[in-house]
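Here are my notes on this one, in the order I'd look at things. Have the viewer open while you read.

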Amino acid sequence: MVLLAMFYQWASFIYISGLVRPSLAARTAEWKSRSIYQTMTDRFARTDGSTTAPCNTTEGLYCGGTWRGTINHLDYIQQMGFDAIMISPIIENIKGHVSYGEAYHGYWPLDLYSLNSHFGTHQDLLDLSDAIHSRGMFLMMDTVINNMAYITNGSNPATHIDYSVFTPFNNSDYFHPYCKITDWNNFTNAQLCQTGDNIVALPDLFTEHSDVQDKLEKWAQEMIKIYSIDGLRIDAAKHVNPDFLPKFGRAVDTFMTGEVFQREVDIICDYHNHYIGSVPNYPIYFSILEAFTKGNTTMLANKVEEMKNSCHDVTSLVSFSENHDVERFASFNKDISLAKNVLTFTILFDGVPMIYQGQEQHLDGGHPPKDREALWLSGYDTNAVLYKLIAKVNGIRKHAFKLGEYGDSQTYTIFRGGSELAFRKGIEGRQVIMLLSTQGTNSKPYHLTLPASYIPGTVAMDILNCVNYTVNEQGEMTIDMEKGEPRVFFPADLMEGSGLCGYTSANTSLTSLKTGSSSSTSLDAAKHLDQLPSWQAPDNTLILQAFEWHVPADQRHWLRLQKALPEFKAIGIDHIWIPPGCKGMDPWGNGYDIYDLYDLGEFDQKGAIATKWGTRKELEDLISRAQALDIGVYWDAVLSHKAGADYAERFEAVKVDPEQRTRNVSEPAQISGWVGFDFTGRGNKYSSMKYNWNHFNGVDWDDLRQENAIYKVHAPKKDWAKDVSSEKGNFDYLMFANLDYSNPEVWEDVLNWGAWITTQLPLRGMRLDAAKHFSVDFQRQFVDRVRETATKEFFVIGEYWTGDIRPLVKYLEKMEYKVAAYDVPLVANFSKMSLTRGADLRDVFKDTLVQRKPDCAVTIVENHDTQPGQMLETPVTASFKPVGYALILLRKEGRPCVFYGDLYGIRANVKHPMRPACNGKLPTLLLARKLYAYGEQQDYFDKPNCIGFVRYGNARHPSGLACVISNAGPSQKRMYVGPQHAQEEWTDILQSHSGAVTIDGQGYGVFPVNATAVSVWVHSAAENRDRVQNHQL
């Protein structure tokens, strides 16, 4: 149980003192533009991120969803275009298990002044609120003010309720005398009697009484202040004394929508007109079912008009087509096209749309509780058909609001066919039109003549398919219909700023659209360049990963790199990431088999003095020469484990399931593990620390039984670290002997090494290998210690390898953004697109770090772990590598890192040698970054198989460039480079496309690209053009 009473006085003091921001409570007008995603906390997302944890809806038990889990999946919600989230009731519910389950839903309240500990802690809820608001989203709280709950398990509720257990309503005077509802349509009966049964009684609060009202109002006000609640849903509002609802609304002073589960228009509108400003639109809900399960389009059209005529403001109601109390649409009809139509209408109709979790995944649960499925079992599929549709429809709705005067306009029917309906909403000339069909997926192609309500000559875009239609002289459009799918239209000349169909998502005003000043936002992007920070920005930086897995084990790599430094500098490389330079377990190990952190190739240990890469002296010479050329060196630090122990020790351990490391699969037993490190070759020089079994928490070899498994050391206070990746239950253990950072001797020795290495070598940065496999708390302190001995600007990259953007961002948050991270999701996108014919290039940055946190993103195409034959192999085809490198090297966002194997090829010790990437043109792209890729950027991501972008240049590098990419046939882009380039001839520095492009007087050029190619166009007389085009390594 999480007690709130203890900190209420504290919270009030802090609030009054101005140390906590005021509540973000929002009014109805602010909510009208919002789109709400309804979550059921217990069924939305788990803290551990599981997508396989079972959840039997019929049993009705808690399934493990939490507020922390919700935080981790906010991207999933926001990327559908939602800007408000509703969560389940937050307060403590009754404990115990009855025949139909537990209080996982939150509607069986026990104590208003405690939180439901199943969902998380006070801090978790604060963090959720902060995370939601930091994204500009609103938070709605589902709220129960009608009743409390008590388990009677068949006993008579009239005599078997102990009212003293309720907080703050701790005696029967706060409740109506027990009676059972006998007529749910008799409102007096429904409001004075209990809604529960004789298994779980729901004692009905005496909401006519001033004491009850005062307590409920005070509690709600506190909740809104403490957790910055923006709006409330009032559960079972029909059963609350109606005169209390407006009083409660005035007290909380925020948007409220109250559940009145009735299909009658007059009842719903009576509540709306007299008692509560917003209610869920149940009359329209039932009409949606009639239309799209029975084909009764007339009822829906008529109900739209009836609601407008009966309710004061139908645009303040909540539009929905599923919720936790009704069967899912797919339980009536699984046709995906019908579901598309239902969602389109729900979002675009009058009111505030609320979409219930799982609609986007086309879940098909029937009557409650079957409609309360665990969403995680869907895998949070962002490629689901309805997920993508919701994003588009939310997008056009948001765009229409942005252009103004949309929210208060009402929906009108403009067409009724035998199986079609069309509605319009919005101001004349910028109205949204939705054309719906009840035919379903099996519908054959046909043409439909639609009276469009736009003026003749208007070009209207179907935003769901990015197809334009022109309104004829009769004011009609001839629409292509197929598979019963909906169509949504909006004037094409007002699409800029929508972020749809290749248009930018810039904050475009209606005035600028009408005047044409933003008909191409590139004109705006290119204005006042000399007043922007990028105009005087420093020269581009570039990292080279200066090794690959199969570099010859000749102990000459430090010498090899030293020789290449001038060439690196010449092509724009100003930082090199070198391999782990500490002694490994054998002379040919790459250093990830780390033996001794303090041996940099100085001591005769493990069969050699030198490491695979060379001696300490050669390492120092390399770094000294790099310093002279102003090339920074990044160290690769392997801190999660040790390998090549000097002797084995016996200790107690348990086997764990390799796929679920928190599950033991054996009893504790004595094993013999290689965990003794005495570093005899080095002795006590630099560090006197020796390692034994106490310093580790896991090994992968039992020398006693000659058996390979994952063994967790079994001893008091021994466990896996908690602050690591939750993959495989707990991903602390990676390989060899796993360091235990709960041991203070380990913690201090490795901290000391961080200080030591940065005093021994003038490094500029460091990579933390396997960052998801050892303590984040330690990593954070380690970074602080290193920056004390090096510089505050010391650059650190945490190698947190995951293709999921959510845990990657969470890692950065836990590291307080003190480090950068590799954009693994971007690598995954490159790989997938390179292997998918005709992949949509516009999605290349979707769900990537460079999109979400560009300042923290180190962008790569390949590295030593993803190269062929390695554990994390992520193939990017040779034909796609020019695309990948153009996108990381020439764009404004991210810090690119080039792979040694791509620059030089991989020829030794491999079955399939690799030639240098980009047909040997990678140095040309590096030089293009060094010389031309500066200034503001304008994207032309308007076609699925041909994208482009322009860099406008800056004060020191005014040339700029234009890049065009195709992954299909030959194509071209008309792009704006600026009138300062008028009449210049631009050529392709990659020589993929011959000929020249002449920039016209307005500053535009038409830039071609060959099939499946990249072209980088630069003024033919730009600085160093000959050097760029003819450069060879």
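Before the points, some ground rules. This is a predicted model, where local features need pLDDT of at least 70, side-chain atom pairs count only at pLDDT 80 or more, and totals for chains, interfaces and linings use all residues. Residues are numbered from 1 along each chain as its sequence is written, and side-chain values use heavy atoms, with hydrogens and water left out.

1. Start with the antiparallel sheet. It is open and has 6 strands, in the order E38-E39-E40-E45-E42-E43. Strand E38 (937–943) and strand E43 (997–998) are the edges; each has a single partner strand, so one side of each lacks a neighbour in the sheet. On terms: helices (H or I, at least four residues) and strands (E, at least two) are DSSP runs, numbered from the N terminus, and two strands pair if DSSP finds at least two bridges between them.

2. Inside that sheet, look at strand E40 (residues 961–966) and strand E45 (residues 1014–1019), which run antiparallel and are joined by 4 bridges. Cys-963 has Val-1016 in E45 as its bridge partner. Helix H25 (residues 881–889) packs on the sheet and touches strand E39 (946–951), E40 and E45, with its direction at about 145° to that of E40. Contact here means heavy atoms within 4.5 Å; axes are lines fitted to C-alpha atoms, for helices over the stretch in contact, and angles run from 0 to 180 degrees between N-to-C directions.

3. Among the buried ones are Val-824, Leu-826, Phe-830 and Met-833. The cover includes helix H22 (805–814), strand E35 (820–822), helix H24 (849–852), strand E36 (857–859) and H25.

4. Now the parallel sheet: open, 7 strands, order E10-E9-E6-E3-E2-E12-E11. Its edge strands are strand E10 (255–258) and strand E11 (318–319), each pairing on one side only. Helix H14 (residues 336–348) lies across E11 and E12 and runs at about 145° to E12.

5. Strand E6 (residues 138–143) pairs with strand E9 (residues 231–234) in the parallel sense over 4 bridges; Asp-142 is partnered with Arg-233, and Thr-143 with Ile-234. E9 and E10 are likewise parallel over 4 bridges, with Gly-258 in E10 as the bridge partner of Ile-234. Both faces of E9 are covered: Gly-231 and Arg-233 are buried on one side, Leu-232 and Ile-234 on the other.

6. Where does the side chain of His-133 reach? To the backbone oxygen of Ser-228, at 3.2 Å (a polar contact is a pair of N or O atoms within 3.5 Å; within protein, one must be able to donate a hydrogen and the other to accept it, and residues adjacent in sequence count only if both atoms are side-chain atoms). His-133 lies in helix H6 (residues 122–134) and is buried, at 13% relative accessible area.

7. Aromatics: there are 60 pairs, counting rings of Phe, Tyr and Trp (its six-membered ring) with centres within 6.5 Å; planes under 30 degrees apart are stacked, over 60 edge-to-face and the rest tilted. Tyr-76 and Tyr-380 have ring centres 5.3 Å apart and planes at 75°, so they are edge-to-face. The two are 304 residues apart, with Tyr-76 in helix H5 (residues 74–78) and Tyr-380 in the loop between strand E12 (352–356) and helix H15 (385–403).

8. Two charge-over-ring cases (NZ of Lys or CZ of Arg within 6 Å of the ring centre and within 35 degrees of the ring normal). Arg-682 has its charged end over the ring of Phe-679, 4.9 Å from the centre. Arg-974 lies over the face of Tyr-1004, at 3.8 Å from the ring centre.

9. Last, Asp-593, in the loop between strand E23 (583–584) and strand E24 (594–596). Asp-593 counts as buried, at 9% relative accessibility. Leaving aside neighbours within four places in sequence, its contacts are Gly-584, Met-585, Asp-586, Ala-643 and Phe-736. Ala-643 is 50 residues away along the chain, yet the C-alpha atoms of Asp-593 and Ala-643 are separated by 5.4 Å.

Key. Buried means under 20% relative accessible area, exposed over 50%, partly exposed in between (1.4 Å probe, protein chains only).
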